[in-house]
Amino acid sequence: MRGGVEIILFSIIRVQIKRNPGRSILTVCIAMCLLLFVGAYWENVIRTENALHTLSDSIPVGGSITDISGGKQTALEISTTTADKILESGYVKNVIYTGQAAGNLEEYNRVENPKVFDTTIVGSNSCDAFSALTEETISFFEKGEENFLSTDKPLCVVSEQYAREHQIKEGETLQFPLYAIEYKQGSSSVQYRETGMAELTVIGTVPERYLGDTVMDILVPVQWLRAYIEEADLRFSYSSMNFQVKNPMKLNAFKKAMENMGLQEKSQEAMEEVYGGTLILDDTIFIENAEKLQGNLQTLRKFQIPFLLLVGILVITVTFLIMRSRRLELAIASSLGQKSSRVALQLFLEIGLLNLLGNALGMVLLMFITQISIKDLLELFVLLVLEGTAGIVIALKLLFRFDIMAMLTKVD
């Protein structure tokens, strides 16, 4: 019996929808437009959030260790303690650092306390430390040696001019006294301290034009250079250090951590010096864009609830007006003895189904015209369905407050 009543009820709803195609289509279109309206707002929020999350990829924040004046970024004395703390902090990525040493390959320069050095040695962990140098510009004698700078092996690449001057052959092992470079306390005066006889295997050559302004005869892995000097019980220091901030959205925490390590801000009044204990960040553009995006996002979120309330009011108003246009039908049905609850249920199901269809069509359109994820679209769909359902219930309560006779005499 109950199933028969439900079948009759849905048959009536189907007839009503077909009998008034214009009104039914209008109801579907309104539901669809409301979902598209909310979807456009939703996508704006999501786009702003995504732009904020990916801002560090499009505008990376670079950092450098410099002297107190901020004008000197190479030929510095950066302690291994400072460098290790930065590397282990977890705040940085793509760290590039270099070290320097000297040597005497020719026998006639191998004297006690030499003043002249025929070999300039640069250690690095990446070719990116040089403006024009890449793995492709180095002529390696064998394949598989391209990543030698990231190792701690006694391998080296020599400049073509240096190879010609000293008649260095492919795969030759160079043996020469290596001298660590130390700076006197509080000055730029250099001291050279002998470490012993270094042995380096030549694995390639590089044209001088790719070295830019860098004076270099031999390029070695900086990890090997540091280990070799420290094994001789001498002090090693890095000559330059650059990196990117891993998570620029935590710039304040990063700066605080660097400050706790003893790194200081540059001083415009200070003179140029050798000690590398100052942090320089290229963060102006990032901060400007991040503040702009955060401001936009805060504004969007501030108006999110009022916006949804406005949509809810629109749903209630539109639903009420659609129902109000059927006052004659409702009054006649009530005068013929139909219960108000049955009439209300019929209206609830009829408009609810039309709204559901409109929301579904709107969701399909949003899938093609926006970048909102399926998960967010489903959340949006459920939100609009719940809001539409609540709107129908409230509209029905408002509608049935009118007197039946009043509805019969006030037909538009």
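Let me begin with a contact between two side chains: D283 and K255 meet in a salt bridge, with 3.2 Å from N to O. A salt bridge here is a side-chain nitrogen of Lys or Arg within 4 Å of a carboxyl oxygen of Asp or Glu. This pair links distant parts of the chain, 28 residues apart: D283 lies in the loop between β11 (278-282) and α8 (284-302), and K255 lies in helix α7 (residues 251-260). Helices (H or I, at least four residues) and strands (E, at least two) are DSSP runs, numbered from the N terminus.

The model is predicted, so local features need pLDDT of at least 70 and side-chain atom pairs count only at pLDDT 80 or more, while totals for chains, interfaces and linings use all residues. Residues are numbered from 1 along each chain as its sequence is written, and side-chain values use heavy atoms, with hydrogens and water left out.

For exposure, buried means under 20% relative accessible area, exposed over 50%, and partly exposed in between, with a 1.4 Å probe and protein chains only. D283 is buried, at 9%, whereas K255 is partly exposed, at 33%.

By the salt-bridge rule the count comes to nine. Another of them joins R193 and E182, at 2.7 Å from N to O. R193 is in strand β8 (residues 190-206) and E182 in strand β7 (residues 173-183), 11 residues apart, and this pair too links distant parts of the chain. R193 is partly exposed, at 35% relative accessible area; E182 is buried, at 7%.

How far apart are the closest N and O atoms of E230 and R226? They are 3.1 Å apart, and the two residues form a salt bridge. E230 and R226 are separated by about one helical turn, because they stand four residues apart in helix α6 (residues 222-231). E230 is partly exposed, at 32%, and R226 is buried, at 17%.

V364, L365, M367, F368, I369, I374 and L378 make a nonpolar patch of about 700 Å². Patches are made of residues with over 30% relative accessible area and no salt bridge; like charges are joined within 9 Å, and nonpolar side chains (Val, Leu, Ile, Met, Phe, Trp, Tyr) within 5 Å. Accessible areas come from the Shrake-Rupley method with a 1.4 Å probe; for residues, only the protein chains shown count as cover. Helices α11 (340-369) and α12 (374-399) each supply at least two residues of the patch, and α11 gives the most, with five. I369 belongs to α11 and is exposed, with a relative accessible area of 59%.
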